[in-house]
Amino acid sequence: MSPNNIISSADRILVTGSNGFIGAKVVEILLEYGFSNVRCFVRPSSKLDRLKQMLAKYPAGKTAEIVAGDLLSREDCQKAADGVSVIYHLAAGMEKSFAGAFMNSALTTRNLMDAFLEHGRPARFVNVSSFTVYSNLKMERGALLDETCALEDNAQERFDAYCFGKLKQEELVRQYGEKRKLPYVILRPGAVFGPGKKALSGRVGIDTFGFFIHLGGENQLPLTFVDNCADAIVLAGLKPGVDGEIFNVVDDDLISSGEFLSAYKRKVKPFFSVRVPFFVANAMCSLWEQYSKRSQGQLPPVFNRRRAAAEWKGNRFSNQKLHERLGWKPRVNMEQAMNAFLAQYESRTP
Amino acid sequence: MKSESKNLRIAIIGCGKIADQHVFAARRIGGCEVVALCDREVLMARQLGERFGVTACFADAGEMLRLAKPEVVHITTPPQGHYSLAKQCLEAGSHVYLEKPFTVTAPEAEELICLAERRGLKLTAGHNLQFTPEMLEMRRLVKLGFLGGKPVHLESHFSYGLGDASYVGPLLGNRQHWVRQLPGQLLHNILSHGLAKLCEFLDDDQVEVIASAHQSEQLRSLGGAEILDELRVLIRAASGTTAFFCFSTQIKPGRNELRICGPVNSITVDHASGSLIRHENRSYKSYLTFFAPPLVNARQHFRNAWINFKNFLTGKLHQDSGMKELVECFYQSIKNDSAPPLSYREILLTARIMDEIFAQIYKPKPPVSKPSP
């Protein structure tokens with residue numbers, strides 16, 4: 001553990017979403033670093049076997065707390081934030097409705113920040129957002145997408161409730177930073193992958209119509225392996241001098257959508273896929289969007305130009321800021337990461 | 001009370017998931033304008049307002065009614081707030097659209113209806129499945145006398161999958177969740193859609209109800225505690241019409257159907273496929289009885305598919321067409337000072353049957369008698 005961290009190993013740390021795909025890894029890395037006072041916040045309905053097994057592996061896990069609650073309850077947020085110095089806020093609702101996404105991303109975050117400021121010892125609030133907040137509608141294909149790029153300004157038109165929730169969440173965090181002096185850092189991970197998550201990223205393609213449509217072509221994928229992503233998140237809560245900063249989280253040596261799909265087909269199973277170039281996908285999405293408007297939503301605008309751009313237009317990605325300001329280095333290189341991701345399919349029960 | 005203004009001024013109280021559908025419906029209708037949004041959590045009102053261009057957002061219903069002066073208020077809060085909010089709106093002179101379930105109990109529903117009638121205002125319940133194209137067609141046939149008389153027997157099936165983790169997860173994980181606080185819990189929030197269809201044709205206010213419910217294996221494995229999710233109900237009206245209602249989370253594929261059996265012919269309405277099948281009382285000679293009816297049915301299924309396809313091409317096959325139709329009919333009844341689209345008798349009977357079902361299936365267990373010393 002670095003002596004330059006903003007907190008000591010005995011300070012209390014809260015991790016929300018700690019039973020999730022990334023959250024569990026964040027807890028594991030904190031324990032690995034020797035933090036002995038980790039509080040894991042979980043949903044009351046969560047199955048905790050995996051988290052408990054992981055805690056049992058580390059000496060510091062014996063002193064870790066598990067607190068079950070609902071972040072929509074201010075009382076539960078108070079319980080969670082009491083005496084805490086750093087919050088890693090990973091809990092997120094994967095709601096399809098805009099209201100639900102707002103409630104589970106923005107309202108929960110507001111409640112947690114209020115509780116942190118009132119009942120905690122705020123040293124850092126690490127808000128885990130997403131790449132989804134960016135809009136590359138006006139960017140050239142292949143242009144560099146970094147932390148300075150424009151954010152989505154019409155999530156409703158993009159028909160992306162998750163994006164809306166995350167945008168509003170970030171907005172609130174920035175407001176709390178400005179008006180109530182909350183020390184915060186925002187992280188925007190790209191496509192997080194690893195063992196425990198089998199679904200292919202939508203940036204590769206979709207199988208909505210009964211066969212796989214490969215839409216990503218040779219676009220670079222903003223991949224981040226779960227261990228690398230979790231490490232970046234942990235560092236964001238510990239490093240001094242980064243308050244108010246935003247970091248994109250992607251790995252080194254990114255591969256293309258085509259490379260990812262080929263590796264998947266080779267290792268997991270061969271299947272039929274049709275490659276559709278971006279200009280065709282964009283034109284189809286545009287037609288869908290126009291029909292949706294003309295028919296007053298008879299077909300919901302699930303395919304539209306904003307979504308087409310965000311997922312399949314193709315950009316380059318940089319993690320320079322992550323390297324320079326947080327001193328982050330990937331724990332696992334891309335080859336090892338791909339092997340670990342694909343190996344999970346081998347352990348299928350017969 | 002006839003509405004004088006050109007555009008009806010609409011307000012929404014409760015800006016959760018269902019509120020979006022109400023705003024969309026109002027937008028598609030025209031002749032109305034959403035002028036105010038209200039939610040106890042004002043950020044919820046603002047997020048809806050930001051997406052639909054409504055700037056008047058309130059956290060307090062009284063303030064909203066005073067300042068925005070809406071002619072119609074849609075109440076889309078959890079049911080526990082329906083009675084008091086609707087009362088407040090009616091007292092302020094607004095017509096009220098209440099999402100289902102209309103109120104938590106039947107006496108609350110009775111009070112609201114009395115108050116609306118006293119004040120010359122209108123009320124309706126969010127029984128939007130009563131207004132889908134296939135239900136409108138069914139009603140047209142019934143009015144034309146297709147059944148050949150009063151319904152003899154009715155059957156309503158309503159399915160609800162437990163697969164929506166975003167709804168079921170929080171509900172099961174939190175004993176304080178508003179659904180868990182309702183007398184009928186999970187059933188209370190959903191039943192009225194399926195029951196209202198029966199109540200429309202049960203022509204008595206007092207009916208005999210026998211209800212039986214249990215918890216499915218799936219819900220038990222999800223940690224459903226005391227929640228019941230498999231319900232069967234037998235209903236008999238004094239006039240002799242009988243009805244069967246089945247609510248299930250387990251039947252696959254899910255059934256969402258109404259069958260009306262008349263003394264001459266019968267009708268089946270299937271919401272899942274948006275279709276209507278007429279069952280005509282024809283007799284066929286000899287083995288034709290095995291060949292002709294399936295072909296007649298096939299022709300009807302083909303016709304249903306063709307109608308739906310035509311509606312799709314002309315932009316009339318919206319998934320929430322029932323809500324749009326109901327809202328439009330409600331607004332028309334306000335503008336023309338005519339009868340609201342759902343009769344108050346139907347709303348009240350639905351509420352009374354629900355009360356009776358929950359009293360039967362969630363009745364307190366008799367105390368265990370202690371042996372005397």
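Chain A has 12 helices and 14 strands. The structure is a predicted model, and every value below was computed from it. Chain B has 13 helices and 13 strands.

**Overall dimensions**

For chain A, the globule rule gives a radius of gyration near 20 Å at 350 residues, and the value of 20 Å found for this chain agrees with a compact globule. The radius of gyration of chain B is 22 Å, close to the 21 Å given by the rule for 373 residues, so chain B is as compact as a globular protein of that length. The table sets out further values for the two chains.

| Property | Chain | Value |
|---|---|---|
| Extent of C-alpha atoms along the principal axes | Chain A | roughly 55 × 45 × 40 Å |
| Extent of C-alpha trace along the principal axes | Chain B | about 75 × 75 × 40 Å |
| Buried residues | Chain A | 48% of 350 residues |
| Buried residues | Chain B | 42% of 373 residues |

Among the contacts in chain A with a separation of 6 or more, 79% are made by residues 24 or more positions apart. In chain B, 69% of the contacts between residues at least 6 apart in sequence join residues at least 24 apart.

**Domains of chain B**

The domain assignment divides chain B into domain 1 (8-125) and domain 2 (130-322). The C-alpha centres of these two domains of chain B are 28 Å apart. Their contact involves 8 residues of domain 1 of chain B and 9 residues of domain 2 of chain B. On the side of domain 1 of chain B that touches domain 2 of chain B, 5 residues are nonpolar, 2 are polar and 1 is charged.

**Contact between the chains**

Chain B contributes 22 residues to the contact with chain A, and chain A contributes 21 residues. On the side of chain B that touches chain A, the elements giving two or more residues are helix H1 (19-29), H2 and helix H7 (165-173) of chain B. H2(B) supplies the largest share of that side, 5 residues. By residue class, the side of chain B that touches chain A holds 8 nonpolar, 9 polar and 5 charged residues.

**Helix H6 of chain A**

Helix H6 of chain A covers residues 161-179; its 19 residues should span 27 Å at 1.5 Å a residue, and the distance of 27 Å between its end C-alpha atoms agrees. Buried residues in H6(A) include Ala161(A), Tyr162(A), Cys163(A), Phe164(A) and Gly165(A), as well as Val173(A) and Tyr176(A). Within chain A, the buried residues of H6(A) pack against helix H4 (98-119), strand S5 (124-128), helix H5 (155-158) and strand S7 (184-189). They also pack against helix H2 (42-52) of chain B, the element that gives the largest share of the side of chain B touching chain A. After H6(A) comes Lys181(A), which has a positive phi, near 55°.

**A buried lysine in chain A**

Lys313(A) belongs to helix H10 (residues 305-313) of chain A. With 20 other C-beta atoms within 10 Å, Lys313(A) counts as buried, because the cut-off for a buried residue is 20 or more such atoms. Apart from neighbours within four places in sequence, Lys313(A) is in contact with Asn136(A), Arg141(A), Phe278(A) and Ala308(A). Asn282(A) is 31 residues from Lys313(A) along the chain, and their C-alpha atoms are separated by 8.4 Å.

Terms used: Residues are numbered from 1 along each chain as its sequence is written. Chains are lettered from A and ligands numbered from 1 in the order in which they are written. This is a predicted model: local features need pLDDT of at least 70, side-chain atom pairs count only at pLDDT 80 or more; totals for chains, interfaces and linings use all residues. Domain bounds come from an automatic or database domain assignment. Two residues are in contact if their C-beta atoms, placed from the backbone, lie within 7 Å. Ala, Val, Leu, Ile, Met, Phe, Trp, Tyr, Cys and Pro count as nonpolar, Asp, Glu, Lys and Arg as charged, and the others, Gly among them, as polar. Helices (H or I, at least four residues) and strands (E, at least two) are DSSP runs, numbered from the N terminus. The expected span of a helix is 1.5 Å times one less than its number of residues. A residue is buried if 20 or more other C-beta atoms lie within 10 Å of its own, exposed if 12 or fewer, and partly exposed in between; C-beta atoms are placed from the backbone. The radius of gyration is taken over C-alpha atoms; the globule rule is 2.2 Å times the number of residues to the power 0.38.
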